[in-house]
Amino acid sequence: MRFKMIGLAAVALMAAFGAAQAQQTKTMAVSIPAADHGWTGGVVYHAQEQAKALEARYPGLKVIVKTSPDGASQANALEDLTTQGIDALVALPHNSDELTDPIRQVKSKGVFITVVDRALSDQSIQDLYVAGNNPELGRVAGKYIKDTLGTGDVVVIRGLPIVIDEERIKGFDEAIAGSGIKVLDKQFGNWSRDDAFKVMQDYLAKYPKIDAVWCQDDDMAVGVLEAIQQANRSDIKFVVGGAGMKDMVKKVMDGDKMIPVDVLYPPAMVAVAMDLTAANLYDHLPVRGRYILDATLVTKDNAKEFYYPDSPF
């Protein structure tokens, strides 16, 4: 009996050692754009913070966060990451078309693929897709403006001429259809506070009365507010942006009349994607599929839930 117990103990120790060794071989690569504007700065922050949290939660897990300044650099980074023997890839592509084939090559190595925000051209490559709700972002903003103003003149500052922008605009237009809201103008601000500042300056010179502004992105809202302040215009009642920039969420918390609400499209979605990917690696949970986050309306009542004071965005 004594020798039998020693033998069983040895088997248990070997099993535990084997499990630990297996854990040590798990590597998650996270490939994301460099912080070229506010929202991607938030993505980098949340990816780095979640990497530390996951490595603490899952002993032996190695998380490699790699940022790239453009699509070509990201494709090269993916090739380098694959040579390191990764088990899973979480990728937010610079450009869906440009990164589809490089990610396909990673997939061919048996790697679990999670795509964030910008879906691949061939979505069959994705094991998991995590994103915000672009049509809903526009719809929520439009509904708030319609419900708050009832009737009024609104100007819109769009993002970039890509599918995401089209989805947001469509949601907005559907929300205000048949109402007393009149859209005076729609111009592209390229999700840039400087470009939005210039567009807003043009609007202010062109239209003597504007009741509200929808600019679809909080970075652009910064430029819009600056243009309004410089022009000393008092007719504009409020500005609705989107994404969840900490400065805008703080304004909502503080009851700022010009920023009464915000609409979430959180950069923290990359952390959600990483968390679900780790659950697939270690907990064997069925996480495959599409996870679309709500475009929550941030108000003074719930703003504290979405405020990240240490984030750059």
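## A parallel strand set around β3

Met28 stands opposite Ala88, a residue of strand β3. This pair belongs to a predicted model. Strand β1, residues 27-33, is parallel to β3, and four bridges join the two. Strands of a sheet pair through backbone hydrogen bonds, and the pairing can be parallel or antiparallel.

Strand β3 also pairs with strand β4, which covers residues 112-116. Here too the sense is parallel, with four bridges. To get from β3 to β4, the chain passes through helix α4, residues 96-107.

## Cover on strand β3

Which residues of β3 are buried on each side of the strand? Ala88 and Val90 are buried on one side, and Leu89 and Ala91 are buried on the other. Strand β3, residues 88-91, is therefore covered on both faces, where buried means under 20% relative accessible area.

## The four-stranded sheet

An open sheet is formed by four strands in the order β7-β6-β8-β9, with parallel pairing. Its edge strands are β7, residues 180-188, and β9, residues 238-240, each of which pairs on one side only. From one strand to the next, the twist averages 20°.

Strand β6 pairs with β7 in the parallel sense over eight bridges. Within that pairing, Asp153 has Lys182 of β7 as its bridge partner. The two strands also belong to a right-handed β-α-β unit, in which the helix is α6, residues 163-176.

Strand β6, residues 151-158, has another parallel pairing, with strand β8, residues 212-214. Three bridges join β6 and β8. Val156 stands opposite Trp214 of β8.

## Helices on the sheet

Which strands does helix α5 lie across? This helix, residues 134-149, lies across β6, β7, β8 and β9. Its direction is at about 160° to β9.

Helix α8, residues 218-231, packs on the sheet as well. The strands touched by α8 are β6, β8 and β9. The angle between the direction of α8 and that of β9 is about 165°.

## Two domains

The protein chain is divided into two domains. Domain 1 is made of two stretches, 26-132 and 267-293, while domain 2 is 134-264. How far apart are their centres? Taken over C-alpha atoms, the centres of domain 1 and domain 2 are separated by 31 Å. Seven residues from domain 1 and five residues from domain 2 take part in the contact.

## The chain as a whole

The protein chain contains 10 helices and 12 strands. Along the principal axes, its C-alpha atoms fill a box of roughly 90 × 40 × 35 Å. The chain has 313 residues, and 51% of them count as buried.

The protein chain exposes about 14,600 Å², and carbon and sulfur atoms supply 52% of this area. Among contacts with a separation of 6 or more, 73% are between residues 24 or more positions apart.

Notes. Residues are numbered from 1 along each chain as its sequence is written. This is a predicted model: local features need pLDDT of at least 70, side-chain atom pairs count only at pLDDT 80 or more; totals for chains, interfaces and linings use all residues. Side-chain values use heavy atoms; hydrogens and water are left out. Two strands pair if DSSP finds at least two bridges between them. Axes are lines fitted to C-alpha atoms, for helices over the stretch in contact, and angles run from 0 to 180 degrees between N-to-C directions. Contact means heavy atoms within 4.5 Å. Buried means under 20% relative accessible area, exposed over 50%, partly exposed in between (1.4 Å probe, protein chains only). A crossover is right-handed if, with the strands pointing away from the viewer, the path from the first strand over the helix to the second runs clockwise. Accessible areas come from the Shrake-Rupley method with a 1.4 Å probe; for residues, only the protein chains shown count as cover. Domain bounds come from an automatic or database domain assignment.
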